[in-house]
Amino acid sequence: MNSTSAFDGSALSGLVVLALHAHPDDEAIFTGLTLRRLADAGARVVLVLATRGELGSSRLPLAPGETVARRRVAELERSAALLGVQRLVLLGGRDSGLPGWLSGSHPDALAGADTDALGRRVADLADAESAGTLIFDDDGGIYGHPDHRAAHRIGAVAARLTGAASYCATVDHEHLGTPAAGEHLVHQAAAAAAVGFGRPTGEIGLAVTGSGDQLAHKRAAITAHASQIDPALLPVRDFAATYGTEWYRRHSGLGALELLAPSVHRTEAALVGA
Ligand SMILES: [Zn+2]
């Protein structure tokens, strides 16, 4: 037993949460625990992916005729199922690659896309689903990735048009800077792009944790992205120390994430509307 069990079952039934991410694997790494908790508590979880992550090279050999995009969508479908996602929608943007890559100026690259138009599409989806809560990246793109920053702009447009409550996913830079937190995938991503990541603790509004079972689902969802992530990079014994908390800033209103209490931690910064 733990403090989350009282919220399992149907406590959130009738609520719909729409989570928007830039690339397959972001949903599991940054919000997997939250999505699984919402689903376990009866909320309907809709996952929207802006790109298929087609510029991430595969660390595993592809089947004859298989493309990176196809592999990544198959991995995404598996991850979404593990996280309890009930509907998966692909927006069809093109991966922009890492900061500085020429691919970022491709005419279809998400980084240069018409985020107002994409935001309207997400808003239409949210309205059709009666989603009262939206989740998307923070304005810093968690670690500055141009596609993550674009996902923020798209999500912010959708939040404005729908009036839904919204939360921005980030990471706690200070927490992940402690030796006890271990090596998170965001460390590697930020180092590869030579950029910073996350927010200081005082700028975090909500810190969501979950049960051991929910954490196991998050781990399985991350490793479902086997073309991108070497499972050896994920700690087994200390997984909870590195991946057992997910962090958000409140963007507009108060939505379903507030109801994940009591294991949602509210900081003073959050209460004054960070
Ligand atoms: Zn990403």
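The site of the zinc ion is irregular, with angles of 55 to 143° among its four donor atoms. Four count as square planar, and six as octahedral, if opposite donors are over 155 degrees apart and all others between 65 and 115. Anything else is irregular. Ideal angles at a metal are 109.5 degrees for four tetrahedral donors.

Which protein atoms hold the donor places of the zinc ion? They are H23 (ND1), D26 (OD), D26 (OD) and H148 (NE2), lying 2.1 to 2.5 Å from the zinc ion. Donors here are N, O and S atoms within 2.8 Å of the metal (3.2 Å for Na, K and Ca). Water is not among the atoms, so sites may look incomplete. Along the sequence, the donor residues follow the spacing H-x2-D-x121-H. H23 and D26 are both buried. Buried means under 20% relative accessible area, exposed means over 50%, and partly exposed lies in between (1.4 Å probe, protein chains only).

This is a predicted model: local features need pLDDT of at least 70, side-chain atom pairs count only at pLDDT 80 or more, and totals for chains, interfaces and linings use all residues. Residues are numbered from 1 along each chain as its sequence is written, and side-chain values use heavy atoms, with hydrogens and water left out.

Now look at D25. This residue lies in the loop between β1 and α1. Helices (H or I, at least four residues) and strands (E, at least two) are DSSP runs, numbered from the N terminus. D25 has a positive phi of about 110°, although it is not a glycine. Most residues other than glycine have a negative phi. Is D25 buried or exposed? D25 counts as buried because its relative accessibility is 11%.

A194 sits in the loop between α6 (185-192) and β6 (206-208). At 70% relative accessibility, A194 counts as exposed.

Next comes helix α3. Its 15 residues (115-129) should span 21 Å at 1.5 Å a residue, and its end C-alpha atoms are 21 Å apart, so the two agree. The expected span is 1.5 Å times one less than the number of residues in the helix. Buried in α3 are T115, L118, G119, V122, A123, L125, A126 and E129. They cover an arc of only 160° around the axis, which puts them on the same side of α3. The arc is that of the directions from the helix axis to the C-beta atoms. An α-helix has 3.6 residues a turn, so residues three or four places apart point the same way.

What do the buried residues of α3 pack against? Their partners are β1 (16-21), β2 (44-51), β3 (87-93), β4 (133-137) and α5 (146-162). Contact means heavy atoms within 4.5 Å. The face turned away from the buried side of α3 carries the exposed residues D124 and A128. At the N-terminal end, D114 caps α3, with a side-chain oxygen 3.1 Å from the backbone nitrogen of D116. Just after α3, S130 takes a positive phi of about 55°.

Helix α5 holds V157. At 8% relative accessibility, V157 counts as buried. V157 touches T115, D116, G119 and R120, not counting residues up to four places away in sequence.

Helix α2 (residues 68-82) also has 15 residues. From first C-alpha to last, α2 reaches 21 Å, close to the 21 Å expected at 1.5 Å a residue. Its buried residues include V68, R71, V73, L76 and L82. The cover over the buried residues of α2 includes α1 (26-40), β2, β3 and α7 (212-223). Just after α2, G84 takes a positive phi of about 85°.

R36 is found in helix α1. At 14% relative accessibility, R36 counts as buried. R36 touches A81, L82, L83, G84, Q214 and H217, leaving aside residues up to four places away in sequence. The side chain of R36 also makes a polar contact with the side chain of D40 (2.6 Å). A polar contact is a pair of N or O atoms within 3.5 Å; within protein, one must be able to donate a hydrogen and the other to accept it, and residues adjacent in sequence count only if both atoms are side-chain atoms.

Last, T209 lies in the loop between β6 and α7. T209 is partly exposed, with a relative accessible area of 26%. T209 and G244 are 35 residues apart in sequence and 5.9 Å apart in space, C-alpha to C-alpha.

Definitions and conventions. Tetrahedral: all angles 85-135°; square planar, octahedral: opposite > 155°, others 65-115°.
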